Amino acid sequence: MISILFKINKRNIPQNYIFDVMQLNDIWQDIISYAQEISVWELSGLVFGVLAVLFLIKESIWTWPSGIAYVIVSFFVFWEARLYGDFILHVFFLVLNIYGWYYWVKGKDEEDSAVIITHTSTKRSVIFLSLTIIGIFTFAQFLINIPSMFEGVQPAALPYWDSTTSILSVTGMWLTARKKIDNWYYWLAVDLIATGVYFYKELYFYSFLYFLYIGMAIAGYLAWKKTMMKQTQEQHD
């Protein structure tokens, strides 16, 4: 088909093209083997992770228990993959999931049936972004130095990328817990980066999960935006 469309013969196919095709075939075989041997932890993480985001889009309180379940199973996955940043990140996730659950139940005004969605102020947005950037470089240095601090621990894989997704996720999680619509900007950035990182680390189901998250982050933002517009209209009526 390719030779017909582009009118090339076998002699004109670049060697790097043939090499790339072979690489793709190898990756596909790895994915098939991986799917056949997937651990119960990764499969559980996939299920609970999708449920947590679906519930979040719908502003359902069930996003928090689903998120807690996702965090617990993720501890096992990330430790085995030597993604220490993600492992430590999920300790914060556990705390923030518990806090978010509490805030969504107790943080609303007495006259409101639920915590309303709001925007982060420009000043706070700049502060959050600045702290996030500082946190990324600081945490990356910590990940790089883990082997020298803890005997027997192997070097961190992809420390800067690992740190980026970790710190962006902490900021996104805090904004989610406070029900700020800006959380979706951070989650979209995390999802784009994490899809590539997990694929590279051959965590294919987690890569697929975060690929799904890309579309879900966009859907979540649009759903929350619609709710905000409805809230604004009700306040003016």
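# A tour of a helical protein

Visitor: How much accessible surface does the protein have, and what share belongs to carbon and sulfur atoms?

Guide: Accessible areas come from the Shrake-Rupley method with a 1.4 Å probe; for residues, only the protein chains shown count as cover. The total for the protein is about 14,300 Å². Carbon and sulfur atoms account for 66%.

Visitor: What kind of model is this?

Guide: Residues are numbered from 1 along each chain as its sequence is written, and side-chain values use heavy atoms, with hydrogens and water left out. Local features need pLDDT of at least 70, side-chain atom pairs count only at pLDDT 80 or more, and totals for chains, interfaces and linings use all residues; this is a predicted model.

Visitor: How many helices and strands are there?

Guide: Both are DSSP runs, numbered from the N terminus: helices are H or I with at least four residues, strands E with at least two. Along the sequence the pattern reads α-α-α-α-α-α-α-α-α-α. The tally is ten helices and zero strands.

Visitor: What percentage of the residues count as buried?

Guide: Buried means under 20% relative accessible area, exposed over 50%, and partly exposed in between (1.4 Å probe, protein chains only). The protein has 237 residues. The buried part is 40%.

Visitor: Among contacts between residues at least 6 apart in sequence, what share joins residues at least 24 apart?

Guide: A contact means heavy atoms within 4.5 Å. Start from the contacts between residues at least 6 apart in sequence. The share joining residues at least 24 apart is 72%.

Visitor: Which way do α3 and α4 run relative to each other?

Guide: Helix α3 spans residues 40-57 and helix α4 residues 63-80, with axes 8 Å apart and an angle of about 155°. Axes are lines fitted to C-alpha atoms, for helices over the stretch in contact; angles run from 0 to 180 degrees between N-to-C directions. Angles under 35 degrees count as roughly parallel, over 145 as roughly antiparallel, 65 to 115 as roughly perpendicular and the rest as oblique. That makes α3 and α4 roughly antiparallel.

Visitor: Is the crossing of α3 and α4 left-handed or right-handed?

Guide: A crossing is left-handed if the near helix is turned anticlockwise from the far one by less than a right angle, and right-handed if clockwise. The crossing of α3 and α4 is left-handed.

Visitor: What classes of residue make the contact of α3 with α4?

Guide: From α3 come residues including W41, F48 and F55, and from α4 residues including Y70, V73 and F76. Ala, Val, Leu, Ile, Met, Phe, Trp, Tyr, Cys and Pro count as nonpolar, Asp, Glu, Lys and Arg as charged, and the others, Gly among them, as polar. The contact has eleven nonpolar, six polar and one charged residues.

Visitor: How are α6 and α8 oriented to each other?

Guide: Helix α6 covers residues 122-144 and helix α8 residues 159-177. The axes of α6 and α8 lie 8 Å apart, at an angle of about 140°. Their crossing is right-handed. The two helices are therefore oblique.

Visitor: How do the residues of the contact of α6 with α8 divide by class?

Guide: Among them, F128, F137 and F139 in α6 meet residues of α8 that include Y160, I167 and W174. The division is 13 nonpolar, seven polar and one charged.

Visitor: How are α8 and α9 oriented to each other?

Guide: The helices α8 and α9 pack with axes 8 Å apart, at an angle of about 150°. The crossing is left-handed. The pair is therefore roughly antiparallel.

Visitor: How many charged residues are in the contact of α8 with α9?

Guide: W161, L168 and M173 are among the α8 residues, meeting α9 residues including Y186, W187 and I193. By class, eleven are nonpolar and seven polar. The charged count is no residues.

Visitor: Is K179 buried or exposed?

Guide: K179 lies in the loop between α8 and α9 (183-200). Its phi is positive, near 60°, though K179 is a residue other than glycine. At 2% relative accessibility, K179 counts as buried.

Visitor: What is the relative accessible area of E59?

Guide: E59 sits in the loop between α3 and α4. E59 is not a glycine, yet has a positive phi of about 60°. E59 is partly exposed, at 23%.

Visitor: Which residues does F87 touch, not counting those up to four places away in sequence?

Guide: F87 belongs to helix α5 (residues 84-106). At 24% relative accessibility, F87 is partly exposed. The residues touched are F75, F78 and W79.

Visitor: How far apart in space are P155 and R82?

Guide: P155 is in the loop between α7 (146-149) and α8. P155 touches R82, Y84 and P147, not counting residues up to four places away in sequence. P155 and R82 are 73 residues apart in sequence. C-alpha to C-alpha, the distance is 7.7 Å.
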